[in-house]
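Please read them beside the sequence and the coordinates.

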Amino acid sequence: MKETTTAPGWLLVQRVAAIAILLALWSLLIASGTMPSMLPGVAQIFSGIGEALTSSVFWAALGRTLLSALAGWVLASTIGVLFGLFVGSIKFLDRSTSILIDFGRSFPVLALMPVVIMLLGSNARMEIVVVALSCLWPVLVQTIYGARRQEAAVADTVAVFRIPPLLRFRRVLLPSAMPFIATGVRISASIALLVAVGVEVISQAPGIGRQITLMQQAQRWDLAFAYLIFTGLVGWSLAVVLQQVENRLLIWKRLEND
């Protein structure tokens, strides 16, 4: 049986309709008076987004947040991929470190913020470290899973023909782990932006999170929500771009599944 696929145009209509329904429900809740008076209406939020887009302060804050998030994400991805391939390809290390890795990915990284602030101060370096610690675990765990997943026939072929380690890494280990690595890197990119904004809200480090706090203190709830929504749109855009890059890099995997 052939699988039915949704046309791109119809899929776009469905997504736009879902957003329109959500905005209509928001407006109805505001009009009914059941929501707090500080909650801005849809028109006020769009007006706030327009005001933010023309503000140099907003763009400077967004740039600082994106720079810290990107630096932490790249650092975490590099360490996670290298360490994950090393651990996942050696059964002894995989078994012996499993408890430590499970504990590390379950540990609330934001709880370490007071210690990191005490050591580094409330600045961009502190933010990068916290973002890197938060993004490390998805990349590390996914890479380990990918390094583990080798078909028995391929492993036997490598052993029988005594393929050199470097060639085995390039032709066997890395291709089999790449889909898992791509997933971990994409997930961690969204985490990076969320954590960066959260760190700025808590520590008042320069960035979009601090601007959100300042807008709340100034009772500019329209701008506070506008900053939040626009930051979410930036995160969504990054996820879409990474998904497209992943699809292009792993086109061989999709053709193989088809």
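1. Glutamine 219 is exposed, with a relative accessible area of 55%, where exposed means over 50%, buried under 20% and partly exposed in between, for a 1.4 Å probe and protein chains only. This residue has a positive phi of about 65° although it is not a glycine, and its place is in the loop between α9 and α10 (221–249); helices here are DSSP runs of H or I with at least four residues, numbered from the N terminus.

2. Glutamine 204, in the loop between α8 and α9 (208–217), likewise is not a glycine and has a positive phi, of about 60°. At 28% relative accessibility, glutamine 204 counts as partly exposed.

3. On provenance, this is a predicted model, in which local features need pLDDT of at least 70 and side-chain atom pairs count only at pLDDT 80 or more, while totals for chains, interfaces and linings use all residues. Residues are numbered from 1 along each chain as its sequence is written, and side-chain values use heavy atoms, with hydrogens and water left out.

4. Leaving aside neighbours within four places in sequence, alanine 192 is in contact with Ala69, Trp73, Val131 and Cys135, contact meaning heavy atoms within 4.5 Å.

How values were computed
Helix = DSSP H or I, 4+ residues; strand = E, 2+ residues; numbered from the N terminus.
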